Amino acid sequence: MKRILILFVLISLCFLSSCNCVNNKSKVSFYDEETEWNEYLDMFYTSINTEGSKYAAFDLRSKELYETEHLRHFQNYDLNVGSKDEFFSYLTNNYSNKYIIYIYIETLDDLNYFDDLLDTHKNVYVYIGNYQTYRSFGDALFTFDSGPYDCNC
């Protein structure tokens, strides 16, 4: 009887461990000046201040606008020069699915634009809005730089 109980417990544990009880559902979350922009900035603030955090952040404005001023830690990818497919390929080739992706873009007509990223990344957070408003929201938390991206490597 004791062996049957132990066997039952072991089988139950194996079954439960094979179930994926964690919600691994991929999602793209959008934020703008009218919605929970502070949630986006708080998540990013937590990412940059958590040791070992895996994130990648991209500013999709033109190179000229980016180099005039940008939020530190954000890399530039000018969608006017490159394509969405090239950008997604770059992300897939350089950042594993364990990375949280943060994106800033000024305008976005199609909210399904980033859905293809869900094939490779679990969490994609997109802030859509005017740069000056974006900057004013993050002014108390972040450093803003000018010039080309410097990873401080």
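Reader: What pattern does the chain follow along the sequence?
Author: Along the sequence the chain follows α-β-α-β-α-β-β-α-β-β-α-β. Helices (H or I, at least four residues) and strands (E, at least two) are DSSP runs, numbered from the N terminus. This is a predicted model, where local features need pLDDT of at least 70, side-chain atom pairs count only at pLDDT 80 or more, and totals for chains, interfaces and linings use all residues. Residues are numbered from 1 along each chain as its sequence is written, and side-chain values use heavy atoms, with hydrogens and water left out.

Reader: How many helices and strands is that?
Author: Five helices and seven strands.

Reader: Which residues sit on which side of β2?
Author: Y55, A57 and D59 are on one side, A56 and F58 on the other, and all are buried. In a regular strand, side chains alternate between the two faces of the sheet.

Reader: Which strands pair with β2?
Author: β5 (residues 100–105) pairs with β2 in the parallel sense over five bridges, and A56 stands opposite I101 in β5. β4 (residues 75–76) also runs parallel to β2, joined by two bridges. There D59 has N76 as its bridge partner. Two strands pair if DSSP finds at least two bridges between them.

Reader: Other topic. How much of the whole chain is buried?
Author: 33% of its 153 residues count as buried.

Definitions and conventions: Buried < 20%, exposed > 50% of the residue type's maximum accessible area, 1.4 Å probe, protein only.
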